[in-house]
Structure formats: structure tokens, C-alpha cells
Amino acid sequence: MKFSLMNPNGTEKSYQVLPDEAINDLSIDFILEALTEKQNERPHLRGMLIRVPMEPEIIRYRHDVFEDFLRFPELRKAMTELTLKLSDLRDLERFQMDSDTSALWSLINRLREIDDYIDCINMIKATLNDLDVTSKGMRDLRDIVTDIARESGFDELKADIEDMMNQARRLKSVTIGINLDKLLRPEFAGIVSLNDTKFTDSGILSRFKGFTDQKDDLHHGANLGEGRRYHATTSSSSKMSAGMVVTEATTHNIQLQDNATGKDPLSDAMRKQVTQIMRHTVNDLKSRIKKYVNVNGYSLISLMPEILFYNRWAELTEKLMATGMPLCKPAITDPDERNCSFKDVYNLKLAINKARGEAINIITNDFEFSDEHRIYILTGPNRGGKTIFTQAIGLAMLMAQWGVYIPAGSASISPCDNIYTHFPADENDTVDLGRLGEESQRLSGIFEVATRRSLLLLNESLATTSVAEGVFIAKDVVKSMRYLGARAIFNTHMHELASSVGEINASVEGDSLAESLITGVHDGERSFKVSIAPPQGVSYAADIAKKYGVTFSQIKEGIDGKKPADR
């Protein structure tokens with residue numbers, strides 16, 4: 001059984017992939033940069049951010065696990081150490097499947113990794129036993145590592161590792177014999193022995209030095225002395241004697257290629273032969289270690305990206321909380337309700353910038369989707385906060401379903417099955433169809449895949465055509481939203497569209513009612529507060545005109561105040 005901190009046992013991994021448009025319009029890559037500065041971590045995190053689960057059981061499970069990570073920094077530290085060890089162990093699985101003999105030094109590293117892994121499992125077990133973790137995921141993990149430590153025979157394993165390490169450490173040197181041809185070029189090479197002592201001046205090296213100082217003829221024979229034998233064989237058996245490993249068989253000789261060109265194959269040949277002669281030593285250790293490779297603890301390797309996800313979100317959440325902005329664990333309700341309510345919700349991107357030191361006064365809002373109004377036509381002046389608010393709701397919904405705290409004082413979320421966005425496109429994408437054609441095509445594509453459980457976010461859609469044409473198409477789009485039954489925010493400058501919500505609700509059947517929502521300026525000041533009210537296009541313009549002194553009375557007063565010669 002594969003354990004996960006993202007999905008409770010017995011549940012299917014059901015999720016929808018966030019469309020590319022939504023990934024861009026909701027600034028997922030901006031959030032990714034806030035989560036980690038490490039480039040190698042981003043692909044793992046991004047893969048998890050673009051997958052949107054909607055099953056309440058899975059989402060609640062994740063929220064509870066995240067809360068344990070957030071409450072206990074010492075847990076995050078221990079889990080980080082675990083991921084580092086698990087990263088090393090990924091290579092161990094490849095090692096087990098490798099049909100070629102691994103070099104002895106590679107095997108030694110594997111032994112060290114397993115030994116470190118044992119220590120890490122014991123550390124996680126001790127950490128979880130010391131902490132009052134409350135989530136099912138972390139309590140189940142505590143039980144798993146306890147069982148691993150008990151059932152995997154860690155005491156016996158550590159003793160085996162120590163014994164194997166001691167055996168491997170006995171290899172201190174390799175004795176090599178080389179035959180030369182008539183031109184004194186290396187022709188054959190063979191392993192003489194593997195030794196458990198290093199060469200010294202009193203051994204072979206001193207005899208070689210003595211030979212080079214002599215003026216006599218060549219030494220007769222190839223005997224290197226008592227206890228040193230030449231072995232021109234591939235060993236079928238091996239034994240350790242005082243001072244050496246003696247290996248006997250038939251192919252440790254290698255014929256070297258012609259060296260007339262000056263190319264020297266000796267080094268490569270020797271490397272291959274050292275590996276060959278060590279085959280039995282390596283295979284003996286390898287066969288002993290294989291019984292531990294499938295220890296059930298290695299299944300924890302799959303937890304690496306999940307631990308990374310919770311760690312990075314907990315760290316970011318702490319930074320956001322340090323700014324004084326509220327964050328909360330939302331209640332998760334039935335997806336079929338298609339309702340949501342937020343108290344003091346705000347845009348995550350603004351909070352990230354505030355945490356980075358920008359002087360930002362973030363305005364929070366109360367907002368809800370309910371049986372009375374699931375479709376909002378949001379109007380307001382330029383720079384009045386329409387886009388920021390629309391994006392804020394999309395990000396809050398996503399974060400709720402990712403299983404982390406959301407930027408709000410409190411919230412109740414009925415999960416959506418996906419988020420579809422329609423923000424202004426790059427002009428390069430509209431060459432073939434024109435702006436209106438491109439926008440219409442994208443809108444049509446959304447309705448081909450959206451369901452009554454979806455969330456639709458439209459930002460200044462259909463604004464590139466005339467007001468009359470835009471309103472005509474936009475009314476049909478809102479009617480389609482109502483008929484579909486989805487939740488939606490359509491922010492726009494088309495005040496006539498917002499004034500038509502009563503007509504739209506009456507003209508088509510559906511259980512998602514449209515409503516006018518306003519944001520922007522009050523008494524000439526930008527408040528960024530949203531409220532349910534009829535569109536106020538003229539009054540907004542009057543407020544702005546008055547604030548900046550461009551009403552007729554203000555301009556007239558200025559003109560009248562000038563001298564006649566200056567008029």
C-alpha cells in the first residue's frame with residue numbers, strides 16, 4: 001500500500017488540471033517564485049499547483065496535514081532531513097536494478113546511505129512521538145515509521161552494514177602484472193592480487209627500485225616473491241589469506257590494442273580489470289544488501305514532493321502572517337452546493353509583495369456565492385480594483401483546494417471542479433481572428449468544458465469592440481452562465497450589462513442568479529471595497545472629475561480668476 005500525505009488511503013487521486021489561461025491569469029508562476037528560490041524545486045511544486053482536487057475528503061485531509069506542518073517548525077526540520085536522505089535512496093533503487101556490477105566504492109556509498117536512512121527513520125519516529133500531531137496523515141505516518149523500525153530489523157541491519165563495511169575496508173591495494181611486446185609496448189595486463197595491506201618501501205616497491213638501480217641483466221622469471229602469485233583467470237572462487245585476496249580462474253589477462261599510434265589503452269584496461277577482479281567481492285556485498293532494498297520504508301521516497309509542498313507553504317504562510325494580514329483554514333462543504341463565503345478576503349499577490357517589504361495598504365472584502373447570487377457583473381472605474389478582486393477570489397478558491405491556509409479572516413468553500421479565466425489576450429495571439437474573434441472563440445471554448453461546478457472569471461471581456469456590440473454578446477454570455485449554473489465574476493466597463501441583470505434573470509431558466517457588484521471610488525477616493533449595488537458609472541466619473549478639478553464649475557472658476565490679459 002502506497003502512503004501519501006496528499007490523499008488519504010482508499011481514495012482515488014482525482015483532480016482537474018488548471019487550464020493554461022488560468023495558470024497565466026492567476027499568476028501561478030509568481031506564487032511559485034514566492035514559495036521557493038530553488039530552481040530544482042519549482043517543477044515539483046508547479047506540478048502540484050496546477051492540479052485541482054475537488055473531493056472534500058481529500059481537501060480536508062490536506063488541510064489537517066498542512067496545519068501540523070505549520071504548527072511545528074521542528075517537524076518541518078525533521079521532514080526536510082528525511083527528504084535529503086530519500087533523495088539519496090532513489091539511486092539505491094536504480095542500483096538494485098542495475099545488471100552490471102557496481103564498483104566497490106559505489107557500493108560503499110550505498111551502505112552509508114542505508115545507514116543514514118535508518119538513523120533518519122528513527123529520527124522521524126522520535127519527532128512524531130514527541131509532537132502532538134492531530135492530522136490523520138501525520139498520525140498514520142507515525143505508525144508507519146514505528147512499524148518500519150520494528151519490522152525491518154534495524155538492529156540486525158546496522159550490524160550487517162558494519163560487517164560489510166569492515167569487509168570492504170580490508171581492500172588496501174591491487175597488484176598488477178603487465179607483459180610487453182618486442183617494442184616494449186604493453187601487450188597483456190593481468191591482476192596479480194587484491195591485498196588487505198598497502199605497498200611500502202620494504203615490499204614490492206623497494207624491490208622494483210632496487211631493480212632499476214641494477215646494471216645487471218633482466219631478472220629471470222616472473223615470480224614476485226613468496227605469497228605473490230600471478231592470476232591470469234576470471235575468478236570462480238576467492239579466499240582471503242594473510243596479506244591478500246587470492247583469486248583463481250581464466251580471463252584476467254587483457255590483450256592491449258596496437259600502440260603504434262602512441263595511444264595508451266593501459267589505464268582503461270586496468271580500470272576494467274580492477275572492476276572485474278572485484279566482481280565477487282562486490283556481488284557478495286550486493287547480495288547481502290538486496291534483502292534490505294525492498295524494506296517498506298523505501299516507499300517513503302514518494303513523499304518527497306509532498307513534504308516539499310507542505311514545508312514551502314508553511315514557510316510562506318508564516319511570512320504572510322508576520323505582516324499582520326489574516327489567513328485561515330476554510331471550512332469545506334459539499335461541491336454540489338456551489339456556495340462560498342469569505343470574510344476579509346484579499347489578493348494573495350498583494351500580501352506576498354507586502355511580505356517582501358512593499359508599503360501596501362491591503363483592503364479586505366466580504367463576499368459570497370449563494371443561491372441568491374452566483375453570477376456577479378462587477379463594475380467600477382479604471383484602477384478601482386476590479387481585476388485585483390477577481391483574481392483574489394480565484395486564488396482563494398485554489399488555495400482552499402490545494403489544502404493550505406487562504407488569505408481571509410474566515411471562509412466556507414464549496415469546491416469547484418476547475419477555474420476557467422478569460423482575461424485580455426496578447427495582441428500577437430489575435431492576428432488571425434482579430435480581437436473580437438479571438439475573444440469569442442475562447443469564450444466558446446470555456447463553455448465546451450465548464451460545468452455547473454466550475455468557477456468562471458472574466459476580466460474586461462469583449463471590451464475591444466463597440467459598446468453596443470460588446471453588450472449584445474455579453475448578455476448572451478451571462479445568460480449562458482445562468483443556464484449552466486456555474487459561479488462567475490464578470491468584471492467590465494459595460495455598465496449597461498450590469499443594469500440588465502434583472503432582464504437576464506427573467507429571460508432564461510437556471511439556478512444561478514446574476515447580480516450587480518460595484519467597486520472603486522467613494523467620495524472621490526479609491527476604497528477598493530466591493531458591494532452589491534446598481535452600476536454607478538456617471539457618479540464614479542463625477543467623483544473623479546471633482547477630485548482632479550475637471551468639472552465645468554471648477555474649470556470656469558479657474559478661468560474667471562485669471563486676469564483678462566491671461567485668458
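**Aromatic rings, a sheet and cysteines**

Mentor: Phe367, Phe369, Tyr376 and Phe389 are linked into a cluster by ring pairs. The model is predicted, so local features need pLDDT of at least 70 and side-chain atom pairs count only at pLDDT 80 or more, while totals for chains, interfaces and linings use all residues. Residues are numbered from 1 along each chain as its sequence is written, and side-chain values use heavy atoms, with hydrogens and water left out.

Trainee: How many aromatic pairs does the structure hold?

Mentor: Rings of Phe, Tyr and Trp (its six-membered ring) pair if their centres lie within 6.5 Å; planes under 30 degrees apart count as stacked, over 60 as edge-to-face and the rest as tilted. The structure holds eight such pairs. One of them joins Phe367 and Phe389, with ring centres 5.2 Å apart and planes at 80°, so this pair is edge-to-face. Phe367 belongs to strand E10 and Phe389 to helix H14, so the pair ties together parts 22 residues apart in sequence. Helices (H or I, at least four residues) and strands (E, at least two) are DSSP runs, numbered from the N terminus.

Trainee: Is Phe367 buried or exposed?

Mentor: Buried means under 20% relative accessible area, exposed over 50%, and partly exposed in between (1.4 Å probe, protein chains only). Phe367 counts as buried at 6% relative accessibility, and Phe389 is buried with a relative accessible area of 6%.

Trainee: In what order do the four strands of the open sheet stand?

Mentor: Two strands pair if DSSP finds at least two bridges between them. Here the order is E8-E12-E9-E10, with mixed pairing. Strands E8 (331–332) and E10 (365–369) each have a single partner strand and stand at the edges, so one side of each is left without a neighbour in the sheet. E8 runs parallel to E12 (residues 410–413), to which two bridges join it. Ile332 stands opposite Ile413 in E12.

Trainee: How many disulfides are there?

Mentor: A disulfide is a covalent bond between the sulfur atoms of two cysteines. The rule applied here asks for a pair of cysteine sulfur atoms within 2.5 Å, and by this rule the count comes to zero. Cys416 is in no disulfide, as the nearest cysteine sulfur, that of Cys340, is 7.6 Å away. Cys416 is buried, with a relative accessible area of 1%.
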